[in-house]
Amino acid sequence: MANNPVGIKAVGSYIPIQRIDRQVIMQAWEFPKDLAVMMVGERSMAHADEDVLTMSSEAVLNCLEGQEASSVDGLYFASTSSPYWEKATSSTLAVVADLRADIAVADFANSVRSSHMALKAAVDAVKAGSARNIVVAASDIRLNEPEYYMEAMMGDGAGALLVGQGGNIICEILDYCTVNQEFFDVWRKKEDSYLNYDDERFANLYGYLNVTKQAVQGLLKKSGLKPEDVSKTVAFAPHGAAYMALAKGSGPLAMSFNQDPLLMSVGNLGNASTFLQLALVLEDSSPGDRILLVGYGDGADVFLLRVTDGIKNLPKKRSIRDWLNSKKMFSSYAKYLKYREMLKLKEGIWPKDPFTSIAYLYREQKQDLGLHGKKCNKCGTVWFPAGRVCYACQTKDDYSDVKLSRRGKIVTFTVERAIPAPETPVGMTVVDLDGGGRFLTQFTEGNVDELKIGLDIELGLRKYHEAKGFNHYFWKSRPVR
Amino acid sequence: MAESIKDRVAIIGMGSTKFGENFEMSFLDMAVEAAYEAYQDAGIDPKEVQAGWLGTFAPDQAGGFMGQAGSFLATAISLKDRPVTRVTNYCATGMEAIRNAAFAVAAGVFDIVIAVGCEKMRDVGPRESLIKQIITHGHPIIGKGQTAPGMFAMMATVHFKRFGTTKEDLAKVAVKNHYNGVRNPKAHFRKEIKLEQALKAPLISDPLGLFDCCPTTDGAAAAILTTPALAKQIKKNGEYILVKGMGLSVVTDTRYFEPGNEYTGFHATQNAAKLAYKDAGIKDPVKELDCAEVHDCFTITEILNYEDLGLCKKGEGGAFIREGRSALSGDMPVNTSGGLKSCGHPIGASGVRMTYEIYQQLLGRAGDRQIKDAELGLIHNLGGPGSVACVAIYGR
C-alpha cells in the first residue's frame with residue numbers, strides 16, 4: 001500500500017422493502033410473450049413516502065455508522081431524480097447526518113453517471129489535501145412511461161461511499177480512466193415525467209457497449225493491469241441483456257463479471273447501481289482483490305480499486321445483504337402508479353395545504369431533521385420536542401443537546417382509518433427511544449396488524465407532504481428490518 | 001388570603017339550544033336562543049347584565065370570525081357597551097366562560113353577569129372540523145397523523161392490555177348514553193342503540209369505532225350568574241344553584257412526547273378534580289355526588305374519567321360500567337343528559353350545557369331522566385387531548 005493511500009473507508013446502502021415481481025407488471029399490461037425473457041426477477045420500489053432524499057439519508061447514516069461525523073469535510077449527492085431543480089439535496093443530507101456546517105456540499109445532477117463524477121471529484125479533493133473525508137451519496141428513482149418494458153427493469157435504492165485517506169481504508173482507489181461521449185441513449189427534459197429513448201439497438205451498440213469498452217481498455221493500458229489480475233468487474237447496466245452482452249464482449253475480462261449486478265433482485269438502480277454492487281462485492285472480498293468499477297452515461301469511466309487488509313475489520317452494522325433479504329412483495333401495480341404519482345387523482349394523495357413556515361422549520365431544523373432532543377442537566381430527562389424549561393423539573397435553559405437513537409419500542413398505538421394519506425389505514429405509534437426520548441409518529445411500511453405494545457421499531461426519514469410548494473420530511477417508525 | 005369559591009356564586013337562570021346539526025341557525029342565532037332562555041329563566045331583563053363571557057373554541061369553522069372576540073355577543077344578545085370577553089381553553093372553553101364569570105362575581109366587581117358557550121361546527125363537512133384541522137393547522141411536520149379519536153384510542157390500547165377492559169365495555173358506555181339521550185329533548189341523538197350495533201360499527205381509530213365517537217354538532221348554552229344574596233332576592237322561589245367548587249388544570253401540550261406518560265389516565269383531570277373537591281369539601285366523591293356530567297368525547301374517555309375523577313380506582317373503570325353503576329338507575333349516574341355521545345360536542349358550548357344538565361337535575365326539572373333528591377352534581381371537561389381539564393361542583 002502506498003503511503004497515505006486514498007480510498008474508501010466505509011460503505012452505506014439502502015434498498016426499500018417493497019419488491020415487485022416483474023410478472024406482476026407483465027400481467028398488468030398483458031405484455032406479448034417475446035418480452036417474457038426480460039420480465040423475470042424482481043424490482044425494488046420506493047414507498048409513497050420515500051424519495052431519493054429519504055433513501056440517501058438511510059444510506060448516508062448507514063455509511064457513517066461508527067465513523068466520526070465531525071471529521072467529514074464534504075458531502076456530494078448524485079442523482080438524475082432530485083426532488084428539486086433548484087434546491088440542493090446535499091445540504092439536507094448534511095444536516096440529517098449531523099455534519100459540520102463548514103463543509104463542501106455539492107449536488108451532481110443530470111447524468112446517470114453522476115455518482116462516478118462525484119466519486120472522482122471526492123477522490124481528487126482528498127488527494128489534493130483539501131478534504132480529509134467526503135461522503136458520496138447516490139440515489140435514483142427513474143420513471144418510465146407506464147407500459148414501457150423499461151419500467152420493470154428499473155430499481156429504487158441508494159448507496160453511499162466514505163472517501164478518505166490513511167490506514168483505515170478498506171479499499172484503495174488506485175487509478176481512473178474516463179471517456180466523454182456526446183450521445184443520446186436515455187434522456188429526460190425538465191418538463192418530461194418519463195425517460196425518453198429512441199433507437200435502442202443503436203444506443204446499445206454505439207453507446208453502452210462502445211464507450212465502456214474504451215474506458216476499460218484505457219484503464220488497463222494506463223495502469224498496466226492484466227485482465228486476469230482483475231478479481232471483479234462491477235458495471236452499471238440498463239438491464240440483464242445489456243450486462244450479458246458487455247460481459248461476453250469483454251474478452252479475457254469476461255471471467256471477472258462474476259458478481260451479482262443486482263438486476264434480478266433489485267433492478268437498474270441508476271446512480272446507485274455501482275455503489276450497491278460494490279457494497280455486495282466487498283462483503284466477499286479478500287485483501288489484494290482488484291475491482292473495476294465501471295460507470296456509464298454520457299460517456300463511461302472506470303475506477304481501479306484494490307481491497308486492503310482493512311476489509312477484515314469491517315464494523316458490525318446493517319449490510320446490503322440485510323436490506324436485500326428483508327423484503328415484502330408488492331402486488332398492486334395500480335398502487336405503484338399511485339405512489340409514484342403517475343395517476344392524476346382529484347384530491348391527490350396528500351392533505352392539501354397544511355400550515356407551514358420556512359422560518360418555523362429553519363428554527364427547528366436540528367431537532368426535526370437531525371433528530372436532536374434536549375437532556376435536562378438537572379434531572380436527566382430527555383425531551384423531544386423540547387422547550388427552554390424542562391417539563392419534568394421546571395429548570396430553565398440548563399440542558400445538553402442529544403441526538404436521539406433511531407431504535408425503540410412501541411409504548412402504545414392506534415390505527416387511523418379516516419385520514420387522507422397515500423396508503424390507509426395509517427398506524428400512529430408512540431415510541432420509547434433507546435437512551436431516552438418519547439416519540440409520536442406515523443408507522444410506515446409495516447402491516448398495521450403487526451402493531452403491538454413492545455414491538456421493536458426503528459425511525460427513518462420519510463416524505464410527509466408538500467405545503468407552499470416544498471417537501472416536508474420527518475421521521476416515521478417502521479418494524480426493524 | 002385566597003378563599004374557596006364555595007357558596008360565593010349562584011346561577012339563577014340557564015338556557016340551551018337544541019344540540020344538533022342546526023343548519024337553519026347561525027352562530028349568533030344560537031347565542032340568542034340560549035341567552036334569552038336564560039334571561040327568561042332568571043326573570044331578568046337583558047339590560048341588567050353587566051358583563052359577559054363568550055366561550056368559543058374554533059372561529060375558523062364558524063366562518064366570518066364568529067366567536068373570535070367578545071364583540072359578537074354585543075349586539076346579538078343586547079350586551080352593547082358592556083365588557084364582554086371571549087375565552088378559549090380547548091374543551092374546557094365552556095367551563096372557562098362560567099369560571100371567569102364566577103370569579104368576577106366572587107370578586108365583587110359585577111353583580112349580574114352572563115356566560116355563553118357557543119360553537120358552530122357543522123357549517124363545514126364533519127371531517128373538516130377536527131380531523132382536517134389537525135392536519136392543516138398544527139406543527140408543520142411533527143405529529144402529523146394525530147386525530148382526536150386517535151389520541152384517545154391510544155389510551156384504549158393500553159387500558160385493554162393493562163386492565164382487561166374490552167370493546168364491549170366501551171360499547172356499554174355508548175348504549176347507556178344513547179338511552180339517556182332519548183330522555184333529553186335537547187340532545188342531538190335521541191335514539192337507543194343496541195350493544196351489537198356499537199360492536200359491529202366500522203373502525204375509526206382502532207379500537208374505537210363509529211359508535212365510540214361523539215358526533216359533530218352545533219349548539220349554544222348560557223348561564224346567568226350573580227351573588228347568593230342577590231339570587232335570594234331575584235329568585236324568591238329558591239330556584240337557583242350555587243357553585244361549590246371549581247378546578248382547572250393544565251399540563252404539557254406535548255403529552256404524546258412526555259417521557260413516562262403511561263397512557264392510563266389524565267393528570268389534568270385528576271388535578272382539576274382535586275382542586276374542585278377541595279373547594280367543595282368533598283372527601284368521597286362517589287358517595288357524596290348525586291350526578292355527574294363527564295367528558296365522553298369517546299367511550300374510552302368516560303371510562304378513564306370514572307377513574308381520574310376518583311369515582312373508582314385506576315383500572316376499574318371497565319367494571320364500573322359493566323356493573324351498571326353509572327346508569328340512570330345506578331348509584332353514581334353519569335351523563336344523565338346523554339353525554340357528548342348523544343348531545344355532541346360543540347366545543348365552546350359543552351361545559352355550559354353540562355352545567356345546564358346539573359342545573360336541571362338539582363332543580364327537579366330533568367323529566368324522564370330525573371335523579372331522585374339530586375343535591376350535588378359535578379361537571380368535567382377534558383381537552384387538548386389531555387393538556388387541560390376542568391371540574392366544577394354545583395349544589396343547593
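Domain bounds are taken from an automatic or database domain assignment. On that basis, chain A holds domain 1 (6-339) and domain 2 (406-481). The model is a predicted one, in which local features need pLDDT of at least 70 and side-chain atom pairs count only at pLDDT 80 or more, while totals for chains, interfaces and linings use all residues. Residues are numbered from 1 along each chain as its sequence is written, and chains are lettered from A and ligands numbered from 1 in the order in which they are written.

**Domains of chain A**

Taken over C-alpha atoms, the centres of domain 1 and domain 2 of chain A are separated by 29 Å. Contact between two residues requires that their C-beta atoms, placed from the backbone, lie within 7 Å. In these terms, 16 residues of domain 1 of chain A touch 12 residues of domain 2 of chain A. On the domain 1 side, α2 (52-63) and α10 (333-339) of chain A each give two or more residues, and α2(A) provides the largest share, 4 residues. Helices (H or I, at least four residues) and strands (E, at least two) are DSSP runs, numbered from the N terminus.

**Contact of chains A and B**

Chain A contributes 35 residues to the contact and chain B 32 residues. Elements of chain A giving two or more residues to this side are α11 (358-363), β18 (407-416), β19 (426-433), β20 (438-443) and β22 (470-479). The largest share, 6 residues, belongs to β18(A).

**Residue classes**

Ala, Val, Leu, Ile, Met, Phe, Trp, Tyr, Cys and Pro count as nonpolar, Asp, Glu, Lys and Arg as charged, and the others, Gly among them, as polar.

| Side | Nonpolar | Polar | Charged |
|---|---|---|---|
| Chain A, touching chain B | 22 nonpolar residues | 8 polar residues | 5 charged residues |
| Domain 1 of chain A, touching domain 2 of chain A | 6 nonpolar residues | 4 polar residues | 6 charged residues |
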